[in-house]
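Subject: Structure for your review

Dear colleague,

I am handing over the structure we spoke about, with the sequence alongside. Please open both before reading on, as my notes below go through what was found in them.

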Amino acid sequence: MMQSLLALKKYFGYDAFRPLQREIIEDSLAGRDVFALLPTGGGKSLCFQLPALLRDGVTIVVSPLIALMKDQVDALRTSGIAATFLNSTLAGNEARERLRGLDRNQFRLLYVAPERLMMENFLGRALNWNIARIAIDEAHCISEWGHDFRPEYRELKKLRTHFPDIPIMALTATATERVRDDIIKQLKLRRPRCYVASFNRPNLIYRVVAKSSAYQQVLDFIRARPNESGIVYCTSRKSTDALAEKLTKDGMKARPYHAGMESRERTRNQEAFLRDDARVITATIAFGMGINKPNVRFVIHYDLPKNIEGYYQETGRAGRDGLPSECVLLFSVGDVVKQRRFIEEKSESEQHIAHEQLRTMIAYAETRHCRRATLLRYFGETWPPASVEAGVSPASAGHSAADTAAAIAPAMERREVSCNGCDNCLEPRETFDGTIATQKFLSCVHRVQAKHGFGFGLNHIVEVLIGGTNDTIKKRGHDQLSTFGIGADLKREQWQRIGRELLRLGLVEAAPGKFATLSVTEAGMMALRKRTPIALTKPIETPAKKVRIPLAGEIECNEELFERLRALRRKIADERDVPAYIIFSDATLREMARACPQTKSEFAQIAGVGQQKLKEFAESFLAEIGDYVNANSPVKSAEEQSQQISVGQLL
């Protein structure tokens, strides 16, 4: 293992592994098949890059994103690692030259798209190479049960036939237990070692904000962070384009990205974002997979996501460098209505799952409990960790939306520990005495069900409470119930919110499916009979100030020096035609601006400075640090200088 640690420091500049990296690397070096689920920013790439440096032969890395291969290879080359890629962006003579290099064993890593790898002539040539291992990145794309199934990945199941003795590593950031099993089955992994890391991202702040003047909210947020880059996710292509256009007119460097754009324009916009030429990218869910940019400081959801999995993956693109980053969801009842309309366009079987997923997403948005705990509970973890320690696989992280709709709702009496990283923990939501409102709602659900022997949905219950006069109420005789109109003092939206909270509290339950008919639970009946005091949550309000506290991973440093180092990094990156983060990450620059190294040996101790980067960049960065330190050192008075000279003469 000492060999791995030495290589980690030599090539990547780090003294220690992240959770599970060491175990995965050891198994890979031992020639075993491996399945690894590490969250975005968890260091998946190192799991196959480091073994490639410690064993002879080439590691073939399968990647679905042609546009990002060059940046990944540039990063490896900057660290002194022989890597290359083959894709359709290369001219014929350049591709042939790289193939000849592979024939001569000149490379340690080859990045290739699945469709090219599985071509007969390519596979035939690859049989002559000394292949050490095959790594399948974004492995969830092979499963039809995954959230981003890609047909071209299906062909990868033939790899075992073509290369029966070569170990295979499958890596992904998001996969339920069902998808994990499918990946292992499709790739024919042999007795694989399976690793599932914690889903917790301690450096991310989660916030949900009431959506009022959405564009102005986004503009104000971005303006308050003049040197930070981020992603704004929208549900439609139209809003993606419109938002980018408005932000640009208001002086923000923004670009759109969605599947409806011409491929070259998408690629240009993506590269502009990766290279900090665009500070903000407005995007649909088409953007993000495989994005290596570590200094994304914020992710805003302009619209309500369809499900927790997508939301988690998209927020995970913030703060890959471990520095504090913000995830903001703009939430409104109007967005819920829009999502339900989209669901109604699906087939009946798809509607069932989609409605369950949406209910779970709404429960997350409206909860007054810790958002980190709520997210982790969805993936089968507890917060704070009880039996599950960081880096150790939970017993079961995969389950259906129906299971999680209940699991996401905390018990009424659960005692919570603040995560210090979400709005509900930083600024706890206000509550009010909702006992009477709860009694009215539970009574109405009970009376409606007692009349017919079956329940009705939330919207119908609300209409009865406020004294609605639609045809269904009259036809069913619900205008004759004792609970008809007893809630006329509150608005429709208020009752809907109360109903959703009572569902989360477990006093009411919803039948699975499109109509989600309500019934009172045992706990609800007990609360009804005993008139149990119930505290309900006030609506989410737009915060008057930005939430900001120190978080795990934050590096306090000289901000002025940090900005000077960023400018130097950008200059060097432009000269080399690579994204700035390939030179050094923000975390590494902050360490420099904190420690102010003066010599090469001190510079080598900064996390992220490997041997090749020490050789190429130490002189420039040390000079910049030295200039700043000298310019900002206290000036000695003439008397102090005279005393110093006198002492020197005496010595």
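I would begin with the pair formed by helix H16 (residues 348-366) and helix H23 (residues 492-504), which pack at an angle of about 100° with their axes 10 Å apart. That angle makes H16 roughly perpendicular to H23, because angles from 65 to 115 degrees are counted in that class. On the H16 side the contact is made by Ile 362, Ala 363 and Glu 366, and on the H23 side by Arg 497, Arg 500 and Arg 504. Sorted by class, the residues of this contact are 2 nonpolar, no polar and 4 charged. Please keep in mind throughout that this is a predicted model.

One of the residues just named deserves a second look. Arg 504 lies in helix H23, and its relative accessible area of 11% means that it counts as buried, since the cut-off for a buried residue is under 20%. The C-alpha atom of Arg 504 is separated by 9.5 Å from that of Thr 360, although the two residues are 144 apart along the chain.

From H25, the residues Glu 559, Leu 561, Phe 562, Leu 565, Arg 566 and Arg 569 take part, and they meet Asp 586, Leu 589, Arg 590, Met 592 and Ala 593 of H27. By class, this contact of H25 with H27 has 6 nonpolar, no polar and 5 charged residues. As background to such lists, an α-helix has 3.6 residues a turn, so residues three or four places apart point the same way.

How much of H27 is buried? The count is 7 of its 10 residues, so H27 is largely enclosed by the rest of the structure. The buried residues of H27 are Asp 586, Ala 587, Thr 588, Leu 589, Arg 590, Met 592 and Ala 593. What covers them includes strand S12 (296-301), helix H28 (600-604) and helix H29 (611-631), as well as H25.

Directly after H27 comes Cys 596, which is placed in the loop between H27 and H28. The phi of Cys 596 is near 50°, a positive value in a residue other than glycine. With 22% relative accessibility, Cys 596 counts as partly exposed.

Leu 20 also has a positive phi, of about 75°, although it is not a glycine. This residue lies in the loop between helix H1 (2-12) and helix H2 (21-29), and at 10% relative accessibility Leu 20 counts as buried.

A further point of backbone geometry concerns the peptide bond from Trp 383 to Pro 384, which is cis, with omega near -5°. Pro 384 is found in the loop between helix H17 (371-378) and helix H18 (401-407).

Another loop residue to look at is Met 118, which lies between helix H6 (114-117) and helix H7 (120-126). Is Met 118 buried or exposed? At 12% relative accessibility, Met 118 counts as buried. Leaving aside residues up to four places away in sequence, Met 118 touches Leu 123, Glu 155, Leu 156, Lys 158 and Leu 159. For Lys 158, which is 40 residues away from Met 118 along the chain, the separation of the two C-alpha atoms is 8.3 Å.

Finally, some totals for the protein chain as a whole, in which there are 30 helices and 17 strands. Of the 651 residues in the chain, 55% are buried. Among contacts between residues at least 6 apart in sequence, 75% join residues that are at least 24 apart. The chain exposes about 29,600 Å², and carbon and sulfur atoms supply 49% of that area.

With best regards

Terms used: Residues numbered from 1 in each chain as written. Predicted model: local features only at pLDDT ≥ 70, side-chain atom pairs only at ≥ 80, totals over all residues. Heavy atoms only, no water. Contact = heavy atoms within 4.5 Å. Helix = DSSP H or I, 4+ residues; strand = E, 2+ residues; numbered from the N terminus. Nonpolar A, V, L, I, M, F, W, Y, C, P; charged D, E, K, R; others polar. Axes fitted to C-alpha atoms, helices over the stretch in contact; angles between N-to-C directions. Parallel < 35°, antiparallel > 145°, perpendicular 65-115°, else oblique. Buried < 20%, exposed > 50% of the residue type's maximum accessible area, 1.4 Å probe, protein only. Areas by Shrake-Rupley, 256 points an atom, 1.4 Å probe, with all protein chains shown as cover.
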